[in-house]
Amino acid sequence: PGGLVLATGGGAPCQPGAMTELSQHARVVWLRARPETLASRANGGAGRPLLAGKNLERIRSELAAQLVERHPFYALAALTIDVDALTIPATVALIVERLGLLTSGSVSLTGSMTSTPPSPSPHPAPVHHVALSGTAPRSYPIYFPEGGFGPALQHALTAHVPKASRALVVTDSNVGPLYAAAAEQAVTRAGLDVEVLTVAAGEASKSLSCLSTVLDTALGSGLTRSDVLVALGGGVVGDLTGLASALLNRGTAVVQVPTSLLAQVDSSVGGKTAINHATGKNLIGAFWQPQAVVASQAVLATLPAREVRGGLAEALKHGFIADPTLLTFANAHADALRALDATILGELIRRCCVIKAAVVAADELDKGQRAVLNFGHTFGHAFERLEGYGALTHGEAVGLGMVLAARVSARAGNADQSLESEIVATLVRHGLPAEPDALGHSPAELVTAARSDKKADASGVRFILLDAIGEPRIQHIPWQELQEWVA
């Protein structure tokens with residue numbers, strides 16, 4: 001009663017400052033539909049001067065291009081509802097239901113998820129907690145906002161870094177133009193002074209020189225131990241910013257806002273931070289848990305298809321080591337996942353986070369069983385080094401490494417010979433490279449490159465084997481045997 005429902009034109013939210021004003025005074029809802037759906041509803045352009053006289057395919061093409069341009073603005077909505085298959089009454093009912101959940105802050109999720117407690121937050125979101133053990137038990141939340149990440153980031157800063165007065169947002173040259181303004185806005189609304197640092201996109205930014213730039217900027221901005229860094233980007237930005245926060249003032253808070261699928265299903269959770277060295281990947285780092293993770297699916301729509309596939313490789317890894325039903329789910333919905341279907345993708349991300357959180361909670365500092373999360377990584381990192389960082393995405397390299405890990409698992413004695421072909425078939429199903437031998441690296445070259453693995457010593461490496469899907473095992477394998485078994 002007394003409220004107002006405002007239906008804007010499609011271009012209105014894209015005007016300068018429009019989403020800022022709308023979000024300050026209202027719950028913004030994006031009714032999302034595929035270009036095909038919108039074209040079919042456009043009625044041949046009748047009553048729409050910009051579409052009049054064009055055929056269905058031309059209308060679809062123009063609407064698809066328009067959606068790419070408008071997505072960064074639409075993604076700032078507090079709530080996104082996919083309406084392709086919904087009638088108008090069903091859409092209205094769903095809006096009322098979802099807005100009620102946002103207002104009450106009580107969102108029930110399946111599996112190991114928990115509900116967000118009632119809160120004065122501007123945007124309560126579905127959340128899962130990473131519960132860490134040790135001498136001082138603690139936990140941190142992973143938020144899954146349905147719309148843009150801004151309101152959830154604002155809440156995370158207010159709730160989990162309450163003493164902060166300054167923030168440094170670190171992003172990269174791909175992500176920054178799309179989402180830095182939204183992050184800056186969220187930090188400002190949380191009452192913090194903010195500075196944004198943009199580094200070059202790509203693996204080369206995981207370097208000592210780039211780490212020094214982040215630290216110099218943070219110290220130059222006056223950040224103290226009570227302040228916060230915000231990592232806005234994929235795995236590279238997350239690793240770089242996480243390590244900088246671990247070093248700054250001997251430990252400064254960090255909030256992870258992963259913008260790639262790979263970072264959302266894996267690298268943003270667990271507190272492993274690192275940069276690369278000429279002798280190997282991730283060799284300079286620290287364990288430093290974030291105060292919170294804000295994983296919004298809305299930002300994934302701008303990912304290149306290759307990056308989506310790379311993220312799927314890490315998601316499949318979680319299924320191989322821990323949950324055969326995740327693989328069944330992923331394979332059954334492979335096309336929907338690559339098309340970034342919100343419902344299917346959200347379920348996959350949540351399942352992966354539950355698996356990752358459980359493993360990390362049991363072995364935070366990687367003294368034992370946490371190593372199973374590195375299934376495929378020993379040779380994956382070797383492929384990245386041999387091919388040159390950036391030639392393969394991290395996910396592609398891990399996928400190839402999983403194929404070789406399956407081969408070694410069979411030759412180590414317990415796994416069935418069919419394991420390798422099963423992993424190959426799964427990777428192919430998701431459009432990932434699955435022929436490691438085709439790259440032409442000899443077993444000797446692969447093993448030499450693998451010697452920089454953090455699980456290695458002079459005599460061999462703690463290798464992650466699979467006795468069967470969902471049954472990982474850690475075994476120390478001498479270098480000579482590994483070279484023979486991978487051939």
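The following exercises, each with a worked solution, concern the predicted model shown above.

Residues are numbered from 1 along each chain as its sequence is written. Because the model is predicted, local features need pLDDT of at least 70 and side-chain atom pairs count only at pLDDT 80 or more, while totals for chains, interfaces and linings use all residues; side-chain values use heavy atoms, with hydrogens and water left out.

**Exercise 1. The chain as a whole**

Determine how many helices and strands the chain has, and what percentage of its residues count as buried.

Solution. Begin with the elements, which are DSSP runs numbered from the N terminus: helices are H or I with at least four residues, and strands are E with at least two. The chain contains 18 helices and 13 strands. Next, apply the burial classes: buried means under 20% relative accessible area, exposed over 50%, and partly exposed in between, with a 1.4 Å probe and protein chains only. By this rule, 52% of the 487 residues are buried. Finally, consider contacts, that is, heavy atoms within 4.5 Å. Among contacts between residues at least 6 apart in sequence, 71% join residues at least 24 apart.

**Exercise 2. The open sheet**

State the order of the strands in the seven-stranded sheet, and explain why one side of β3 and of β6 is left without a neighbour.

Solution. First, recall that two strands pair if DSSP finds at least two bridges between them. The order is β3-β4-β11-β8-β7-β5-β6, the sheet is open, and its pairing is mixed. Then look at the edges: β3 (127-132) and β6 (193-199) each have a single partner strand, so one side of each has no neighbour in the sheet. For the angles, axes are lines fitted to C-alpha atoms, for helices over the stretch in contact, and angles run from 0 to 180 degrees between N-to-C directions. Direction ignored, neighbouring strands are turned by 20° against each other on average.

Val-127 has Tyr-143 of β4 as its bridge partner.

**Exercise 3. Helices on the sheet**

**Exercise 4. Residues in loops**

Decide whether Ala-298 is buried or exposed, and classify Asn-249 and Leu-340 likewise.

Solution. Ala-298 lies in the loop between β11 and α10 (305-322). Its relative accessible area is 4%, so Ala-298 is buried. Ala-298 is 44 residues from Ala-342 in sequence, and their C-alpha atoms are 8.4 Å apart in space.

Asn-249 belongs to the loop between α8 and β8. Although not a glycine, Asn-249 has a positive phi of about 55°. At 29% relative accessibility, Asn-249 is partly exposed.

Leu-340 sits in the loop between α12 (334-338) and α13 (342-362). Leu-340, also not a glycine, has a positive phi of about 60°. Its relative accessibility is 21%, so Leu-340 counts as partly exposed.
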